[in-house]
Amino acid sequence: MTLTIGNIAPDFEAMTTHGPIKFHEWIGDSWAVLFSHPRDFTPVCTTELGHMARIKPEFDRRSVKIIGLSTDPLHNHAKWSEDIANTQGTAPNYPLIADTDYAVSKAYGMLPGDTAGDPTERTPAENATLRNVFVIAPDKVIMLVLVYPMTTGRNFDEVLRVIDSLQLLTTHGLATPAQWRQGDDVIIAPWVSDDQARQLYPDGWKSPLPYLRIVPSP
């Protein structure tokens, strides 16, 4: 099954570096980012995990929980965390799932349903599809899916930018234009009628097109 925007994120129970979790219960009333990795001790992922640890306060500020995933067992995660700390300056300070039975990877459509066997005997190339980012809202709906190649490090500034946009949508009914950054003008979502918009924005809006209604960012 391939998951996409609007699907409910599958719930699961898993062992992590922070202990066992029930995913939906772990998310609680927060947002969440689940990002996956083909194997432990892979070079690009090593840089990503360290970077995420350094910028975790930015996710915390937005009430977003971070969780990583790899199919390696917990003892490998522990050794990898040491490598990450030594080379990137910060060890992961968020849970990392040990998906040794591939249950989460299969549930999220990242590995084929017939994947089986010892995860430490699979090469990173065999798990190349474990390069996803899922942004999940508090109601457990998937709001963003990104898939990267193994050789390209993920841009987590973009993930934060999208989260900022999505939180404007859920709190104010606002969309964001191309290349939007915090503080830039925003767009009234198309399902907000003009009558509703007048109540929300009594000073009006710029409207270069009937369907393009631009207001300052709140």
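Reader: Let's start in the middle. Not counting residues up to four places away in sequence, what does Met143 touch?
Author: Met143 touches Ile5, Trp31, Val135, Ala137, Leu166 and Thr170, with residues up to four places away in sequence not counted. Keep in mind that this is a predicted model.

Reader: Where does Met143 sit?
Author: In strand 7.

Reader: Is Met143 buried or exposed?
Author: Buried. The relative accessible area of Met143 is 18%, and the cut-off for buried is under 20%.

Reader: How far apart are Met143 and Thr4 in space?
Author: Their C-alpha atoms are 8.1 Å apart. In sequence, 139 residues separate Met143 and Thr4.

Reader: Step back a bit. How many helices and strands does the chain have?
Author: Seven helices and 11 strands. The C-alpha trace spans about 60 × 35 × 30 Å along its principal axes.

Reader: What share of the residues is buried?
Author: Of the 218 residues in the chain, 48% are buried. The chain exposes about 10,700 Å². Carbon and sulfur atoms supply 54% of that area.

Reader: And the contacts? What share links residues 24 or more positions apart?
Author: 65%, counted among contacts in the chain with a separation of 6 or more.

Reader: What does the domain assignment give?
Author: Domain 1 covers 7–153 and domain 2 covers 173–216. The C-alpha centres of domain 1 and domain 2 are 35 Å apart.

Reader: Now helix 6. Why does its length make sense?
Author: Helix 6 runs over residues 156–172, which is 17 residues. At 1.5 Å a residue it should span 24 Å, and its end C-alpha atoms are 24 Å apart, so the two agree.

Reader: What happens at the start of helix 6?
Author: A side-chain oxygen of Asn155 comes to within 3.0 Å of the backbone nitrogen of Asp157.

Reader: And just after helix 6? Which residue takes a positive phi?
Author: Gly173, at about 65 degrees.

Reader: Which residues of helix 6 are buried?
Author: Phe156, Val159, Leu160, Arg161, Val162, Ile163, Asp164, Ser165, Leu166, Gln167 and Leu168.

Reader: On to the largest nonpolar core. How many residues does it have?
Author: 27 residues. Those with the most contacts inside this core are Val33, Phe35, Met52, Phe59, Val135 and Val159.

Reader: Which elements give two or more residues to this core?
Author: Strand 3, helix 2, strand 4, helix 4, strand 6, strand 7 and helix 6. Helix 6 gives the largest share of this core, six residues.

Reader: Pick Met52. What does Met52 touch, not counting residues up to four places away in sequence?
Author: Val33, Phe35, Phe59, Ile66, Tyr94 and Phe156.

Reader: What span should helix 2 have?
Author: Its 12 residues should span 16 Å at 1.5 Å a residue. The end C-alpha atoms are 17 Å apart, which agrees.

Reader: Tell me about Arg62. Where is Arg62 found?
Author: In the loop between helix 3 and strand 4. Arg62 counts as buried, at 11% relative accessibility.

Reader: What is Arg62 in contact with, leaving aside neighbours within four places in sequence?
Author: Leu160, Ile163, Asp164 and Gln167. Those four residues are listed as buried in helix 6.

Reader: Next, Asn132. Where is Asn132 found?
Author: In strand 6. Asn132 counts as buried, with a relative accessibility of 7%. Residues up to four places away in sequence aside, Asn132 touches Leu34, Phe35, Ser36, Met110, Val145, Leu146, Val147 and Arg154.

Reader: Last one, Pro10. Where is its place?
Author: In the segment before strand 1. Pro10 is buried, at 15% relative accessible area.

Reader: What is Pro10 in contact with, leaving aside neighbours within four places in sequence?
Author: Leu3, Phe23, His24, Ala107 and Tyr108.

Methods. Residues are numbered from 1 along each chain as its sequence is written. This is a predicted model: local features need pLDDT of at least 70, side-chain atom pairs count only at pLDDT 80 or more; totals for chains, interfaces and linings use all residues. Side-chain values use heavy atoms; hydrogens and water are left out. The expected span of a helix is 1.5 Å times one less than its number of residues. Buried means under 20% relative accessible area, exposed over 50%, partly exposed in between (1.4 Å probe, protein chains only). A polar contact is a pair of N or O atoms within 3.5 Å; within protein, one must be able to donate a hydrogen and the other to accept it, and residues adjacent in sequence count only if both atoms are side-chain atoms. Domain bounds come from an automatic or database domain assignment. A nonpolar core is a set of buried Ala, Val, Leu, Ile, Met, Phe, Trp, Tyr and Cys residues joined through side-chain atoms within 4.5 Å. Contact means heavy atoms within 4.5 Å. Accessible areas come from the Shrake-Rupley method with a 1.4 Å probe; for residues, only the protein chains shown count as cover.
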